[in-house]
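Welcome, and please open the structure in your viewer. We will go from stop to stop, selecting a few residues each time.

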Amino acid sequence: MDPIFLSYSQVNGVPQESKLATYMKHQNEGSQSGVTSQSTTKNTLTFDQIPVSLKKVVGQTGEFIPRTNINNSPSGAYSSRSSLVESPSSTPPTTPAPLIITCSPTQLLDKTTTTYQENVGGTTYFYPAAVSGTSGDVNSSMVEESNVAEDSSVVSAAAITMFPGTPPHVKTAKSHLAAGEATFYIADDLKLELQHKNAITLLQSNVNTYPDIPNEVDNYQDLCPLESLQSIHKTQLVNYLSSTFKATNIKTGVRYCLRRIHGFRLPNTKCMMLVDMWKKLTHSNIVQLREVFTTKAFGDHSMVFVYDYHPESETLLARHFSNNEPLNGYADHFSSNPNAPRPYSHQKNTLLRQQQGSLLPESIIWSYVIQLTGALRVIHAAGLASRSLDPSKVLLSGRSRLRISFVGISDVLMFDSTATNPLALIPHYQQDDLTALGKLLLALACRSLLAVQRENLQTSMDLMSRSYSSDLRHLIMYLLSGQPRRTVVDLMPMIGARYYSQLDAVQMHADILESEVSKEMENGRLCRLLVKLGTINERPELNLDPTWAETGDRYMLKLFRDYLLHQVTEDGRPWLDMSHIVHCLNKLESGSQEKICLMSRDEQSILVVTYSELKHCLEQSFQELMSAASVTKAA
């Protein structure tokens, strides 16, 4: 008779040379009930009596690690994998599923014992026995699989941290996106936008190209020009030359925008009162002023205004107005619009050509109106005036996010030190802000800077009336009327119900971003789990113990690492399934009571454990690492 069919005699205890001895000892010490001796005749098994699900399956390769049958998962929350998406690049549809061993040894376990083992053909199988108790004992570390399957309420919903999927209202908001978008990753357009902003933020200037830029200016370093330095002499701000840089704060490492005013000396410090008022002003449509200082680092007396830096922003002048717009010179006498009346003046012909191009949608203009009036309302309520509301000073980020930039510069450069009350002219400047807003809106509606010239105002209003509503016309006419007591509050009834459309668009965009953030939150959580596993597995030594990573709880985590990442198909090819990895990591973090079968690489040891035990091993091992890392050697 073949020796493999001889009766089995149980070995007394776990072999000391086994790497699982430390773990089994830990299990016996942590159990409240003692180890009950088993009868040799009661546990005598033959190979034919072992269920097929417990027999060792040998594939064509010598390093196959089985995986748990997810369909028979005892946890109701993890019983289905239909909501998970496998990696399309790693798991083609034709890839066969690997061999699966269903590990359900509870029917063979004696509930009065804490350790169960058997040896078949030279392979030792170890099984932790179930803890005695009722099926409703949720706090026990071992729950019988049959009881869990019958009552799914034993798994707390609060412990499940998997991504539940995109909400239906967010799907409606994202209906314009491609149908093939990845479900569990951030949207491609948003990812590219953020990556581009990060790349622009980290840009540094070439020292050979800009040798005149100092290495440090006050508390800022790594200055990078945000505009061409060759053209700064053509751009003037209140009769002073200016240039803009991106710089990094030496103390905090935060990037800021530096606006340098060339050749300016501060006569006195009375104007710093207005600077302090601007520094306290915070609004979502205003680039906040952080600091103002004077410096000689550029070789002259310069004043530097420090603002928040918003990468990938451009001015309204660069976005909506043509750079080659003819301001003077010859223009053809025939307009591109054949229905326009003749004869044509030079300015009117230019305006018609601009109108024949791409007009801005009225919804975009109303969005600009709401954002700019909201910023002006806060500025005027603080007792200040913008004094910089023109296309070259309004930044546009993303699709339609506006910010008024370079605030406070005019207050410092044009400050009258002889005035008894520096705030006396603020109401006059606030009226100028409303007039500047009307000119900006008219220029945007006509897509031409010529539209705001005095001789072209009537023509511009007529051209705007052809393409836009009467509400927008009345709003611009009110802003340009020059009435002495205009306020931003008076504009709210003219905007009317368009506030609700803007609010709906903002909230819908916030829902989309919240959904994208929830995906990355789950990805970051799983990344931290993988980092913990990576710091434990295959560690050469810990506290002068070279076998630390190969014994005790660490050996279980090593087997789990192979079960998680190193599975192969029946014919020996790597089996790459992202959904399997994500699913197992979610169960590990939640401490699921589902059992999995872990096999050593030499196929000589098999261990059936729960995710709850693996989570305990992970926490204990990582705590040992943290304790060892926090120890300071004596001098």
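Which residue in S12 is the bridge partner of serine 397? Select arginine 401: that is the partner of serine 397. Before we move on, note that this is a predicted model, where local features need pLDDT of at least 70, side-chain atom pairs count only at pLDDT 80 or more, and totals for chains, interfaces and linings use all residues. Residues are numbered from 1 along each chain as its sequence is written, and side-chain values use heavy atoms, leaving out hydrogens and water.

Now select strand S11 (residues 394-397) together with S12; the two pair in the antiparallel sense over four bridges. Strands here are DSSP runs of E with at least two residues, helices are runs of H or I with at least four, and both are numbered from the N terminus. Two strands pair if DSSP finds at least two bridges between them.

**Stop two: helix H8 and its neighbour**

Angles run from 0 to 180 degrees between N-to-C directions, and axes are lines fitted to C-alpha atoms, for helices over the stretch in contact. Then bring in helix H12 (residues 470-480): its axis and that of helix H8 (residues 362-381) come within 11 Å and cross at roughly 35 degrees. To see the contact (heavy atoms within 4.5 Å), select Glu362, Ile365, Trp366 and Val369 of H8 with Asp471, Leu472 and Leu475 of H12.

**Stop three: a buried strand**

Jump to strand S7 (residues 255-261), where six of the seven residues are buried, meaning under 20% relative accessible area with a 1.4 Å probe, protein chains only. Strand S6 (residues 240-249) pairs with S7 in the antiparallel sense over seven bridges. Click serine 243 and look for its bridge partner in S7, arginine 260. Five residues lie between the strands of this hairpin, and glycine 253 takes a positive phi near 80 degrees. S7 is also joined to strand S9 (residues 302-308) by six bridges, again antiparallel. There, tyrosine 256 has aspartate 308 in S9 as its bridge partner.

Key. Buried < 20%, exposed > 50% of the residue type's maximum accessible area, 1.4 Å probe, protein only.
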